[in-house]
Amino acid sequence: MENTPVLTEIAFHHGASDAEIADWLAKRLAHELDRRDGTVAITVPGGSTPFPILAELAKKDIDWSRLEIWPGDDRCVPADHEASNFGRLAATLEGTGACLTPLDEGSQPPHFALAWLGMGGDGHIASLFPNTDPQVDDDKQVRRLTPDPLPPEAPFDRVTMTLPKLLSAEALMFVIRGAEKLAVFEEAAKGDNDLPVARLLGHARGEVTCFA
């Protein structure tokens, strides 16, 4: 029996600490800043995983003034609400000098050098949950959506970048914590499920890196 071919070439880094991921990010951002003029834009995820990494990254000597950082999705709450991804991002990177831009339904996000994503156990990325049936040919860059079921820890509508917007980034990066989530991610990379993450990976044509 032939093995199912991997649809997406992914560079896996197993066992990386928050500090090691921050080191990788700092080097990647420095490279992107060196190879082009002007601003470098990236998008980052919410949830609990990224903020310790971002706190480590904030200590790095980077030309922060040329970095434009967007949340890939957010809860539809005020920036000072404890559930706001943008509010937490602003607090974590306070004093770095980076340009931090909130995401709303009318946003026109820039071209991203890197889209950093997380993934839920149900295979959702950003706020593209399975019930929202995200499409790679979506004609919008940003949508307002209602997860179903609503996560009890954050029972709010969401605003999120769409699959085509995320796929337009030059590179994708994931941080996946836990064996169960990693199994879902690996199945998606092989095309063995049709979850939102699988739809993204199945159409990714640039570099994909996964810290697990």
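This is a predicted model: local features need pLDDT of at least 70, side-chain atom pairs count only at pLDDT 80 or more; totals for chains, interfaces and linings use all residues.
1. Helices here are DSSP runs of H or I with at least four residues, strands are E runs of at least two, and both are numbered from the N terminus. With that in hand, alanine 83 sits in the loop between strand 4 (73-75) and helix 3 (85-92). Residue numbers start from 1 along each chain as its sequence is written.

2. Overall fold. The protein has six helices and ten strands. Its radius of gyration is 16 Å, close to the 17 Å that the globule rule gives for 212 residues, so the protein is as compact as a globular protein of that length. The radius is taken over C-alpha atoms, and the rule is 2.2 Å times the number of residues to the power 0.38. Along the principal axes, the C-alpha atoms fill a box of roughly 55 × 35 × 30 Å.

3. Of the 212 residues, 49% count as buried. Buried means under 20% relative accessible area, exposed means over 50%, and partly exposed lies in between (1.4 Å probe, protein chains only). Take the contacts (heavy atoms within 4.5 Å) with a separation of 6 or more: residues 24 or more positions apart account for 79% of them.

4. Surface and charge. The protein exposes about 10,100 Å², of which carbon and sulfur atoms supply 48%. There are 19 positive and 34 negative side chains, and the centres of the two sets lie 2 Å apart. Lys and Arg count as positive and Asp and Glu as negative; His and the chain ends are not counted.

5. A nonpolar core is a set of buried Ala, Val, Leu, Ile, Met, Phe, Trp, Tyr and Cys residues joined through side-chain atoms within 4.5 Å. The largest has 34 residues; Ile125, Leu166, Leu172, Phe174, Phe185 and Leu201 have the most contacts inside it. Elements that each supply at least two residues of this core include strand 6 (114-117), strand 9 (171-175), helix 5 (179-189) and helix 6 (196-203). Helix 5 gives the most, with five residues.

6. Leucine 172. Beyond its neighbours within four places in sequence, leucine 172 contacts Leu114, Ala115, Leu117, Leu166, Leu200, Ala204, Glu207, Val208 and Thr209.

7. Second core. A separate core of 29 residues includes Ala26, Ile53, Trp64 and Ala113. In soluble globular proteins, nonpolar side chains tend to be buried together.

8. Backbone points to check by eye. The peptide bond from aspartate 148 to proline 149 is cis, with omega near 5°. Proline 149 lies in the loop between strand 7 and strand 8. Alanine 126 has a positive phi, near 50°, and is not a glycine. Alanine 126 lies in the loop between strand 6 and strand 7. Aspartate 133 also lies in the loop between strand 6 and strand 7, and its phi is near 50°. Alanine 126 counts as buried, at 12% relative accessibility. Aspartate 133 counts as partly exposed, at 41%.

9. Back to alanine 83. At 8% relative accessibility, alanine 83 counts as buried. Not counting residues up to four places away in sequence, alanine 83 touches Asp74, Arg75, Val77 and Phe156. The C-alpha atoms of alanine 83 and alanine 154 are separated by 6.7 Å, though the two residues are 71 residues apart along the chain.

Definitions and conventions: Side-chain values use heavy atoms; hydrogens and water are left out. Accessible areas come from the Shrake-Rupley method with a 1.4 Å probe; for residues, only the protein chains shown count as cover. The place of a charge is taken as NZ of Lys, CZ of Arg, CG of Asp or CD of Glu.
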